[in-house]
Amino acid sequence: MTAFWALLARELRLAARHGGDTAGALLFFFVAGALFPLAIGPAPETLARLAPGIVWVCALLAALLPLDRLFGADFEDGSLDQLLLSGLPGSVVAFGKAAAHWLLTGVPLLLAAGPLAVMLRLPTAALPALLGGLALGTACLSLLGTACAAIVLGARRGGVLLPVLVLPLTTPVLIFGAAAADGAASGLPVRGELMLLGAYLAACLPLCPVAAGAALRAACE
Amino acid sequence: MRLIAEAISTFRGDRLVLDRISLYVPAGGALLLLGPNGAGKSTLLRALAGLGRVDAGRISFDGSDELAGKIAYLGHLDGIKPGLSAAENLAFAARVAGRDPASALDALGLSRLAGLPARMLSAGQKRRLALARLVVSGAPLWLLDEPTLGVDAASVAAFGAQLAAHRAGGGVVVAATHLPLPLPDAAELRLGAP
C-alpha cells in the first residue's frame, strides 16, 4: 500500500515539475471549445443546443493528449522495468497511473468544463448534470486510456494508434454523458444516464488495470 | 538463499538466443556472465529478473518460484527520473521497498549531489545513483548488466564494498560484464557466440 502511494506521489511530483503537460491539455480543451462559436456562429440558441456535445467531445480529445507519455517516458528511461520489479503487481502500477492521469487531467478538465459550458450558453440548470457526468466520464477515460496506452506501448507509431483504440471504447461515455446534460437542459430526469455512466465506470475499474498490467508485462518482454 | 536456473531456453523471433542454460549460485555467491556481444547475457539477466520471456526451463530463488519483490535489476538503462532530484529518486525506490534511503547516498559519494535534479548529473553519476538504488532496494538477488559502465575507479571500489556487504549478508549477485568487477572468487559462466 505504501508503494502505491509512493508511486502516486511520484507521478504528482513529476507532473508539478513538468507543469506544461497538464496545462497543455487544459489549454487545448479551451481553445478547441472556443473554435465552435467561430465555426457555427454565435447565435445563443444554436450554441446552447450544441454545448453539451461540444464540451464532451473537447474533454474526450483533451484527455487523450497526455496518454502517450503516460508510460512512454517510464518505458524509455528504464523506470518501468524498475516499477514492475518493485513487487507491485502490474495492475496496481497501471491503476496508480490511471489515478494520476485522472487527478492531473480529469480534475482540471472538470474545473474548466463549467466556464466553457457557460461561455457556450448552456442553461445553468444543466450544469450539475454536465459536471456529474464528466466526473464519472473522465474517470472512465483515464482507466480506458491507461489500458490502451499500455497496449500500444513499444509499438511503432503508438501515438497514432492510441486514439483509434481509445475513442471507440469511449462512445458509451460520450453518448450517456452528453444525453444527461442534454436532458437536464430540457428539464428531463437524468438519473438513468448518470447511473449507466456509473455502471460503465464500475466495469472499467477492475477490468482496465488488469488488462493494462498484462500489457505492461508484454511490452517489457 | 540460492539461485537455481534449469535449462532456460529463449527464442527471439525464430532464433534460439538461450539454449538450455542452467546455473546455480549459492547464498553469498556471485556469478559473472561472460561472452561476446550478442551471446545472450542481457537476455539471460532479463529472463532471470522475470522481465524477459522464458520459453522453457525453470528459475527458482530461495526455494521458491515466486521472485517478485526479491530482485534488484540494473539494466542498460539507469531507470532514473530526470525530473526528480537524486535524493528523491532514491527516496522513491526506498519507499517502494519500505526502507531508509539516507545511507546509500553517502556510500557512493552522492550526498553532495543529493538535491540536484537527476537530469543535471553526468552519465557516470547517474550510473552511481542507479548503483545506490540497488543498496536501497534491500533485495537479496542483484542482477547487474554492465553495472560499472562509465563509473570512475573510486566509485567502482566503493561499489565493491557494497557488493561485499551484500554477499556477506547472504545476497546473491549475477553480473554480465566486459569490465573487471570487484567480485572476488566469483564463478564464471561463458555464453557462446551467437
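Two strands are taken to pair if DSSP finds at least two bridges between them, and in this predicted model an open sheet of three strands in chain B has the order β2-β1-β4, with antiparallel pairing. In the helix pair, α8 and α11 of chain A have axes that come within 7 Å, while the contact between the chains involves 19 residues of chain A and 21 residues of chain B.

**The sheet of chain B**

**Residue B:S60**

- B:S60 is found in strand β4 (residues 56–61) of chain B, and it counts as partly exposed because it has 14 C-beta neighbours inside 10 Å.
- Once neighbours within four places in sequence are left aside, B:S60 is in contact with B:I4 and B:D65.
- B:S60 and B:G138 are separated by 78 residues in sequence and, from C-alpha to C-alpha, by 19 Å in space.

**The helix pair of chain A**

- Two packed helices are described by the angle between their axes and the distance between the axes.
- For helix α8 (residues 127–151) and helix α11 (residues 191–220) of chain A, the axes come within 7 Å and cross at roughly 20 degrees; since angles under 35 degrees count as roughly parallel, α8(A) and α11(A) are therefore roughly parallel to each other.
- The crossing of α8(A) and α11(A) is left-handed, and the residues of their contact divide into 20 nonpolar, five polar and no charged.

**The contact between chains A and B**

- In the contact between the chains, 19 residues of chain A meet 21 residues of chain B, and on the side of chain A that touches chain B, α1 (2–17) and α6 (79–85) of chain A each supply at least two residues.
- The largest share of that side of chain A, seven residues, comes from α1(A).
- By class, the side of chain A that touches chain B has six nonpolar, seven polar and six charged residues.

Methods. Residues are numbered from 1 along each chain as its sequence is written. Chains are lettered from A and ligands numbered from 1 in the order in which they are written. This is a predicted model: local features need pLDDT of at least 70, side-chain atom pairs count only at pLDDT 80 or more; totals for chains, interfaces and linings use all residues. Axes are lines fitted to C-alpha atoms, for helices over the stretch in contact, and angles run from 0 to 180 degrees between N-to-C directions. Helices (H or I, at least four residues) and strands (E, at least two) are DSSP runs, numbered from the N terminus. Angles under 35 degrees count as roughly parallel, over 145 as roughly antiparallel, 65 to 115 as roughly perpendicular and the rest as oblique. A crossing is left-handed if the near helix is turned anticlockwise from the far one by less than a right angle, and right-handed if clockwise. Ala, Val, Leu, Ile, Met, Phe, Trp, Tyr, Cys and Pro count as nonpolar, Asp, Glu, Lys and Arg as charged, and the others, Gly among them, as polar. Two residues are in contact if their C-beta atoms, placed from the backbone, lie within 7 Å. A residue is buried if 20 or more other C-beta atoms lie within 10 Å of its own, exposed if 12 or fewer, and partly exposed in between; C-beta atoms are placed from the backbone.
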